[in-house]
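Subject: Structure handover

Hi,

Here is the structure we discussed. Please open it next to this note. My findings follow below.

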Amino acid sequence: METRVLIIGAGLSGLSLATQLFERGHDVLLAEARDRPGGRILTERLGNGFFDLGPAWYWPGQPRIAALVDQLGLKWFKQYSTGALCFEDETGRVEWGRSFASMQEPYRLQGGMAALTDALVAELPADRIKLSTSITALNRDNDGITATSENGLTIRAQQVVLALPPRVASRIAFSPALPQATREAMSGIATWMAGQAKAIATYDTPFWRKAGLSGGAMSRHGPMVELHDASPALGGHYALFGFIGLPPQARRDELHLRQALSDQLVRLFGLEAAEPVSLRIVDWVFEPFTATPLDQQPMYAHPHYGMPRALDRIWGNRLIFAGTEVATQFGGYLEGALEAAENALLLIEKEKV
């Protein structure tokens, strides 16, 4: 196969860049290792409800995603925050009503965040996206770049965009080899969200709301360290979700983890929380197309992201990085994915090869 621009990764950044290039008449192809588009955006449906197992929010002051949501005709709603916050201390003792919900600003999408990526996919011809196509090697010569996938597909391109975490991209075999500074920079950039595990418990009724609780909780006991209401805006099942604070190796015993999660939900919200319709756990650190072993190290704060000099103008600007981790202003956020796509588009448009 041949294309002018090959984008590796069909997450939000790759899809945004691909649709903009396609609109401008560029020959573009997306290669996605997973059997679905979306990348770290993962939304599952239960009944009439949509539940985000990856990113769930965007915030005021993030203009790109707000504009894209409007452009695509999607509907947003504010994170539910009415009611009191629960607090669980180190011993598992719970206080109710210590304060009110802390997440009063974020926006969510009707249909979940996958509504965003699904709408972008719909703007591209079906033959422009190759799923289950993990690129394992990139070989540059005088005429361009040859990409080889795990399933044997060969793609010739003039430019390649790595719209995926730099650490994941570092597993690709590059020929000629990338400079040592570039390799070190790629492995040194922590993958946002890679070390996280998320649990979502769904219920037929929002019983916590009736009790005057927001569904928000903070815990020093765990296993979840932060919880929020994850219910849809209208209809469907209702839900609570939490970020699991245990280290990756302590999360491997799923049976034990499920029992600990159930026990915590009961401590925080009462006996009605004991029997959810479903309890879904997604551990991103063990997702091979999201995380590497380096991402099993705990992340205690939002990293300082941006485009390191060592990742700029690789192979004479034929190899471009465009994952959210290289966004200067909003790195790590969905807004950062769009920012990185915007920067990549400027490079491609400015310096056609």
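Which residue in E17 is the bridge partner of Ala 201? It is Leu 240. Bear in mind that this is a predicted model.

**Strand E14**

That bridge belongs to a longer pairing. E14 and strand E17 (residues 238-244) are joined by 7 bridges and pair in the antiparallel sense. E14 also pairs with strand E18 (residues 278-283). Here there are 6 bridges, and the two strands again run antiparallel. In E18, Val 282 stands opposite Lys 198.

Now the side chains. Ala 197, Ala 199, Ala 201 and Tyr 203 point one way from E14. Lys 198, Ile 200 and Thr 202 point the other way. Every one of these residues is buried, that is, under 20% relative accessible area. Because 7 of the 7 residues of E14 (residues 197-203) are buried, the strand is largely enclosed by the rest of the structure.

**Second largest pocket**

Next, the second largest pocket. The space in it is about 270 Å³. Its lining comes from 14 residues. Ser 16, Gln 20, Leu 68, Gln 71 and Leu 338 lie nearest the centre.

Best wishes

Technical notes:
Residues numbered from 1 in each chain as written. Predicted model: local features only at pLDDT ≥ 70, side-chain atom pairs only at ≥ 80, totals over all residues. Heavy atoms only, no water. 1 Å grid on protein atoms, 1.4 Å probe; cavity = no way out; pocket = protein on both sides within 12 Å on 5 of 7 lines; lining within 4 Å. Points joined across faces, edges and corners; volume = space filled by probe spheres on them. Buried < 20%, exposed > 50% of the residue type's maximum accessible area, 1.4 Å probe, protein only. Helix = DSSP H or I, 4+ residues; strand = E, 2+ residues; numbered from the N terminus. Pairing = 2+ DSSP bridges.
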